[in-house]
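Let's take a friendly walk through a protein model together. Have the sequence and the 3D view ready, and follow along as we go.

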Amino acid sequence: MSTTRRAITLHGHRMAYLEACPEVAPGNREDPEVLVLLHGVAGSSSTWEPVLGRLEQDGCRHRVIAPDLLGHGESAGPSGDFSMGAYANGLRDLLAALGHRRVTVVGHSLGGGVAMQFAYQFPEMCARLVLVSSGGLGRGVSPTLRLASLPGAGVVLPLLARSGLLGLGVSALRAAAALPLPPAEKVSLVEYARHAGSLTERAHADAFVDTIRGVIGPSGQRVSGTDRLYLTEGLPTMVLWGRRDPIIPVGHAYRAAALMPGSRLEIFDSSGHFPHCDEPVRFVEALTGFCDATAPGEMSAAVIGAKLVV
């Protein structure tokens, strides 16, 4: 295994990330074939471990960076801005510090919203865009996340953690994952347990609530990029979703693909909200096949500006 956990200090805050296949293009820190994998809310780079393992087995054809967003995983959890724009800025800063000028951005759930924001804010840095069970493509979202957006959630979560109830819930999810269930359901339960377990740390819980309130309300998702998806024309894009996703409806995938000119659509019929964990072999085949079949897009502020003028 050549996956290495690293960390860098940006603006005084620790930002952790996984780096896989660093031997690709030795000495060329501006390799355009860099894959960036972005996790979802309450998640971490660990969600990508099945994908990283498979990429390494396939021969490390791409350098891979999987960061822990601020407030998640092993990165710092400072109080402040947890908006999509702030996350995109943080990704830009990380890539700039590492010397990567253009990357293929793969975003899961919240990470999909961050990926879209990154492509919009820094088009010259985005070579391809891959959205995996992504937020920001419609209002639909699970009732659990809607509840987390309600007033008082920032008080309730720490109370649940201190009382041990949150830990009991995590244990219940892990116990359920040990039952004889379909593989995709077992994987989803393991991921839900890992995500919920992260909220026992106050910094993670605060970041979770602040992030959720920025993008979700009682009536569903409040932030949508669908009115700007036409701007991806000329940028290779792929939308990948689990048909059995209980968090964000699969209908968002079809709508998004229809609004993204020339995009590729991949639906995993047996997967839920974590298709990259449910079917990592198929996921990597789809991802590497997409990258191999497309040339990096040539995007810039000027290109986007020309599309804005009607």
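## A helix and some salt bridges

Helix H6 covers residues 165-177, and its 13 residues, at 1.5 Å a residue, should span 18 Å; the C-alpha atoms at its ends are 18 Å apart, which agrees. Keep in mind that you are looking at a predicted model.

Which residues of H6 are buried? They include Leu166, Val170 and Ala177. These three cover an arc of only 45° around the axis, which puts them on the same side of H6. Now turn to the other side of H6, where Leu165 and Leu168 are exposed.

Next, look at the charged side chains. The structure holds 13 salt bridges. Here are some of them:

| Salt bridge | N to O distance |
|---|---|
| Arg5 and Asp68 | 3.3 Å |
| Glu74 and Arg5 | 3.6 Å |
| Glu185 and Arg244 | 3.0 Å |

Start with Arg5 and Asp68, which form a salt bridge with their closest N and O atoms 3.3 Å apart. Arg5 sits in strand S1 (residues 4-10), while Asp68 sits in the loop between strand S4 (63-67) and helix H2 (84-98), so this pair ties together parts that are 63 residues apart in sequence. Asp68 has a relative accessible area of 1%; because buried means under 20%, Asp68 counts as buried.

Arg5 also meets the side chain of Glu74 in a salt bridge. Glu74 is partly exposed, its relative accessible area being 41%.

Now move along the chain to another pair. The side chains of Glu185 and Arg244 meet in a salt bridge of 3.0 Å, N to O. Glu185 belongs to helix H7 (residues 183-198) and Arg244 to the loop between strand S9 (237-242) and helix H9 (251-259), so the pair ties together parts that are 59 residues apart in sequence. Glu185 counts as partly exposed at 32% relative accessibility, and Arg244 counts as partly exposed at 44%.

Notes:
Residues numbered from 1 in each chain as written. Predicted model: local features only at pLDDT ≥ 70, side-chain atom pairs only at ≥ 80, totals over all residues. Heavy atoms only, no water. Salt bridge = Lys/Arg side-chain N within 4 Å of Asp/Glu carboxyl O. Helix = DSSP H or I, 4+ residues; strand = E, 2+ residues; numbered from the N terminus. Buried < 20%, exposed > 50% of the residue type's maximum accessible area, 1.4 Å probe, protein only. Expected span 1.5 Å × (residues − 1). Arc of directions from axis to C-beta.
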